[in-house]
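Here are my notes on this chain. Please read them with the structure open beside you.

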Amino acid sequence: MTTEQEQSTTEDRPDKATSSTTDRPIASGDGRSASFAVSGPDSPATDDSNDSGPYIDDIAPRRTRDFGDLTRAGLSLLMAAVVMVFAVYLGGMTRGVESDAHTAAQVINWLADFPSTVLTQLATIVIVIIVLAQLLLAREWLQAAVSALAMFAGYGMVWVVSTAISSLNDFTLPMALVSAATSYGSGLLPDIYAGMASFLTAAGPRRTRSTVKWSWNILYAIAAVMVVLSWHSVTGMLVSMAAGRTVGMLIRFVVGTQNKGVWGQDLVAALKGIGLDTASLIRHQEPGVGHGSLAVTLDDDLAEGSRIYDLDTTDNRRFIVSVIDAQTHTVGYLKQLWDWVRFTSVSIRRDRSVRDAVQHHFAMLLGLHNIKLPAPAPYGIADTDESAILVLDAHTIELPANLNTLTKADAVAYMRYLSVASRRGYTHRRITPDTLARLEDGTAVIAGWLNGDSASGPANTALDKVQLLALFAALIGVKPAVAAAREAWGDTTLTTLAPFIQKVAVPSPTRALGTWDKQLLKELRDHINTIIDEETAESAEPVTLARFSWRSMITMLLVIVAVVVVFTQLKPEEIITALTNANPLMAVVTLAFGACGWIGSSISLGALMDRNRRDNTGVFMSQVAGGFATVSMPAGVGPSFVNLQFLRKSGYRNTPATAIMSATLVVYYAVYFSMLVLIGLFTGRNMFSGAIPTNTLVLVLGVVVVVLSIAMMIPPLRHWVTRRLMPLAKTYINQLLDVLSQPRQLTVSCLGALFQNATTGLAFWAALQAFGYSSNPIETTFVFMLAYALGSAVPTPGGLGGVEAALTFAFVAVGVPQGVALSATLLHRVVFYWLRIPLGAAAMKWLDRHNLV
């Protein structure tokens, strides 16, 4: 949350001031940063004669960025897309809705006698005047200016969208959006909805201003009238309003909205409502511990996005006051929704309102005290329309644990704490390094129960223990962590956790620790499996926790792209004709050369891997799977992506895996280029010498150098590059040089790349032989390699289209009949492209089943 500070008036203690304290910095007295003492964001100044009020040290923000605005902007875009899809593919439904509306609204047909512009302009004027009047009378100059600019932006957006849609070659969508009062071109969509929706959104939210609320009602009424009178179409109105709503939400997020939370004197009044008479209320000004996108601190049990205050009452009691505003709660709620969507088989909390979240947190802390577990002692809760307040006993606040000095005994203490909570049905749901805390006497305490729950099932209980076990495995080592778990939970409980030990179960702050290793979870499972017999370990299948993963999403995307490519680019009649006329024996030889290409690439990659991490079958299957990735990525990118994922799963960290993958590419292209040069020298083939765009490459290189030079002239950017990127680049280069500095492995890798390139070229020679055309295999390989390199530069999946055209043109140019060249090209592409799709998919499934990709 970012705020603009607003200087407010002050109300000081009678024993602290002898003159007005307005604009005087007040020290908090406990080492915290100074701030201005206030009695509320809009309260008048108090003089020194007022000696009965409390001392308040607070800073009220003028504006707050609400991430809910970004969410609503995304939903508006989604609505516009859905409406346009319905307009194109379900036009009958939308026309039926409009027809029903016309029939049901015969009573207002008399309005049809008025020009449509009269109603729209009248509504626009009324909306703009009443909203701006309220803003100006309240002296909200910035809000008024931003609202006006948002209105212009809304009009501009609908103009751009209308022009873009009207320029489409297919008139289905424009026909669905046009209406009697609009026309093709920049006026396709009615602009009143975009302009007014953007204006009202930027002036809102509607709950804070009555004129905004009534203006929305006017806009909805005008929309209904214009649709039923056939002046505007339903789809055009909805798309226009969604566009304006999106623009307004984005502007509102950037500028921020007025904070309506409880501050200063209003907070004191809310605390008095639960029996606390304030003597002093001092806000903590220092930021809390970074925890995702929100700041947290142990002062209020890691409540996300809260404001923390020290409260001294008139009867000399001390409390911690935690205030969460509705606008800052949006991020926490979105995180809960994401976990709810992401996880399966486990229950996830979803506290839609800030009041629900604070009441639940209060109930969790009371429950922990009820089962005799140490935790912050809650005094009570209070809430207003825009804020929820949790009051905790200041003497029960926990302290952060030193993660660098934790021992096995500490791990046992924390695990026993969690075990007590689990036996009574209490689960934490998010155990991270921040949650490890201690009391003043050193007692181990797990903090941050706001996202936890009671009456939890076995799956959530197991997840808690896995999170704590993985955390201590990263902090003190796998063996000590497992030993501590055996002591605290017992072997029976520990063995039931093995199916739940998965990456998705471990929160990101734990995985961000410097001591975290990607093989840590595997080591944990292996150590636990040594406790139980082999048959039980093999039968312990992992529990499905993630509803989906990035890997599954990428795989699904690849499948979708592959299907699109197959159905849009495959020309079965041409391929069938070519295969029918081919010599069966030479077609089989072509297929054998294709399999040899996999063997060569497997040798090239496997030679650069450590012997103890190299699974020969897995290496070969990864090269087969690369053919499936090629169908949805440009040539060369797909296999590299599969190789990188395979290396990571084989136990390499990101940098070494990237270095080995890059070294494999360096070897492949170095051998490829060397073969072109050597064969070209010996065969005298120079027919393509002018095909390489030398000037273009020089121009691109020059532009890159100029851009980099200018970027490095900017000090902040230069410092960021030298401090953040250069160390990573140096590490990567050193790893790459280490890989390439091993003569034996490098030689084997080069031989593998040589075998791969040679067999791929000879496969085309065999394809020519299959159609009765004899040629020199070495010259054929040279022409093929050069033409294939040029064709692969086309940024299509696997160079589709470009490779076929380049090969056909190249061999026709060297004297091969056009029909033979085209048929040989199609046969070669069947073996090296189309046939590799199903084989690659099967290999990808095999790798996934063996956890190698």
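This is a predicted model: local features need pLDDT of at least 70, side-chain atom pairs count only at pLDDT 80 or more; totals for chains, interfaces and linings use all residues.

1. Residues are numbered from 1 along each chain as its sequence is written, and side-chain values use heavy atoms, without hydrogens and water.

2. Of the 853 residues, 48% count as buried (under 20% relative accessible area, 1.4 Å probe, protein chains only). The chain has 31 helices and 15 strands (DSSP runs: H or I of at least four residues, E of at least two).

3. Look at helix H12 (residues 408-423) and helix H14 (residues 478-489). Their axes come within 9 Å and cross at roughly 45°. The contact (heavy atoms within 4.5 Å) includes Met 415 and Arg 416 of H12 and Glu 487 and Trp 489 of H14. By class, it has 11 nonpolar, one polar and three charged residues.

4. Now take helix H21 (residues 584-606) and helix H30 (residues 818-834). They pack at about 40°, with axes 9 Å apart. That makes H21 oblique to H30. Among the contact residues are Phe 593 and Gly 594 of H21 and Phe 832 of H30. The contact of H21 with H30 has six nonpolar, two polar and no charged residues.

Technical notes. Axes are lines fitted to C-alpha atoms, for helices over the stretch in contact, and angles run from 0 to 180 degrees between N-to-C directions. Angles under 35 degrees count as roughly parallel, over 145 as roughly antiparallel, 65 to 115 as roughly perpendicular and the rest as oblique. Ala, Val, Leu, Ile, Met, Phe, Trp, Tyr, Cys and Pro count as nonpolar, Asp, Glu, Lys and Arg as charged, and the others, Gly among them, as polar. Buried means under 20% relative accessible area, exposed over 50%, partly exposed in between (1.4 Å probe, protein chains only).
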